[in-house]
Amino acid sequence: SGIRLGASVDADASLLNSPTATGDDTNNTDDEDGVTLVPLMPIGQVTVVPVSIQNGSGFLSAWFDWNADGDFNDAGEQMVTAQAVAVGTTNLSISVPAGAVVGPTFARFRVCTNNAALDNCNTPAGTVQSGEVEDYQFQVGRVLVLRKTTLQGSGGPFGFTLTNTVQATGTVTTAAVNTPTQVDGDTGTAGTQVFTITAPTTAVT
């Protein structure tokens, strides 16, 4: 009973560590169903993370291991601090810091009912009297800003095809001579976006 993340929850008799944060998934019921976390989060960009709050109101905290050192104790890693939540979907806006380490890392989400005394879920470790904890693996990605400049006046549209980016194509029309115009790297999102690089150690061509 009480607040939980997503529709499913199970009891764990002991710590269930694994290199990919799936130890709890493969033990008893796979109950990591409360957070929709994209697998690739680009540096310097804001990613919306929907969190499903079920069965009651309470408080939500979240941590991201930006320096990939295996804990959530460093400055700037607690992204949500005891945010009051109710049943339904809470959309978190998570900004990936410029100093985040590119590559795989983890996030932790925790809910509890009261956030006081022995039921304080505003810590990434330890036990409390209510709620649930869910861990997720994701990857911090590099970004590419692609701009086109024309020397004789405005022109276009100019087309681009790239490798090793989430969106492989793009077009741009320049507006003025000698003025760089950014190519939209994510046409599915409003505004002009950067390109997100898929593999962190592979070149973009």
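Is Ala117 buried or exposed, and at what relative accessibility?

**View 1. Ala117 in the loop between β7 and β8.** At 74% relative accessibility, Ala117 counts as exposed, where exposed means over 50% relative accessible area, buried under 20% and partly exposed in between (1.4 Å probe, protein chains only). Phi of Ala117, a residue other than glycine, is positive and near 50°. This is a predicted model, in which local features need pLDDT of at least 70 and side-chain atom pairs count only at pLDDT 80 or more, while totals for chains, interfaces and linings use all residues. Residues are numbered from 1 along each chain as its sequence is written, and side-chain values use heavy atoms, with hydrogens and water left out.

**View 2. The largest nonpolar core around Phe64.** Such a core is a set of buried Ala, Val, Leu, Ile, Met, Phe, Trp, Tyr and Cys residues joined through side-chain atoms within 4.5 Å. Among its 25 residues, Leu37, Phe64, Trp66 and Phe109 touch the most other members. Strands (DSSP runs of E, at least two residues, numbered from the N terminus) that each supply at least two residues of this core include β3 (46-54), β4 (58-64) and β8 (132-141). Apart from this core lies another, of 5 residues, among them Leu146 and Phe195.

**View 3. The cis peptide bond between Gly156 and Pro157.** Omega of this bond is about 10°, and Pro157 is found in strand β11 (residues 155-161).

**View 4. Asn178 in the loop between β12 (169-174) and β13 (181-182).** Although Asn178 is not a glycine, its phi is positive, at about 55°, and the residue is exposed, with a relative accessible area of 52%.

Definitions and conventions. Helices (H or I, at least four residues) and strands (E, at least two) are DSSP runs, numbered from the N terminus.
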